[in-house]
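Here are my notes for you on this chain. Have a look at the picture, then go through the points one by one.

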Amino acid sequence: MAKNNKVIKEQSLYQNLQKRYEEMNDYLLDLIDAQKRAEEDLKYLNDFIRYKKLDEEFRYFREHAHEEYEPDLPFPHFSL
């Protein structure tokens with residue numbers, strides 16, 4: 001009987017581990033998809049900047065912008 005309980009515990013632990021693995025795998029796949037979308041957006045933004053001939057303005061903004069924190073927003077944003 002004790003041996004059966006040990007086997008049941010091991011099976012339960014294995015099932016929990018399998019469940020956690022699947023959750024982490026799903027999370028990583030979501031991150032990979034988000035990364036691909038972000039890379040695609042970045043490519044479009046770079047091409048848009050080049051298309052509109054805003055290279056100098058972007059360079060100026062990048063060099064002189066600073067982060068502003070607003071209590072109403074959950075994250076900072078860049079501003080000149």
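1. Helices (H or I, at least four residues) and strands (E, at least two) are DSSP runs, numbered from the N terminus. With that in hand, the chain reads α-α-β-β along its sequence. Its radius of gyration is 25 Å (taken over C-alpha atoms; the globule rule is 2.2 Å times the number of residues to the power 0.38), well over the 12 Å that the rule gives for 80 residues, so the chain is more spread out than a compact globule.

2. Keep in mind that this is a predicted model: local features need pLDDT of at least 70, side-chain atom pairs count only at pLDDT 80 or more, and totals for chains, interfaces and linings use all residues. Residues are numbered from 1 along each chain as its sequence is written, and side-chain values use heavy atoms, leaving out hydrogens and water.

3. On to the overall extent: the C-alpha trace spans about 75 × 30 × 20 Å along its principal axes. Buried residues (under 20% relative accessible area, with exposed over 50% and partly exposed in between; 1.4 Å probe, protein chains only) make up 2% of the 80 residues.

4. Now zoom in on helix H1, residues 2-51, where you'll find Glu22. Glu22 is partly exposed, at a relative accessible area of 42%. Leu31 sits in helix H1 too, and counts as partly exposed at 40% relative accessibility.
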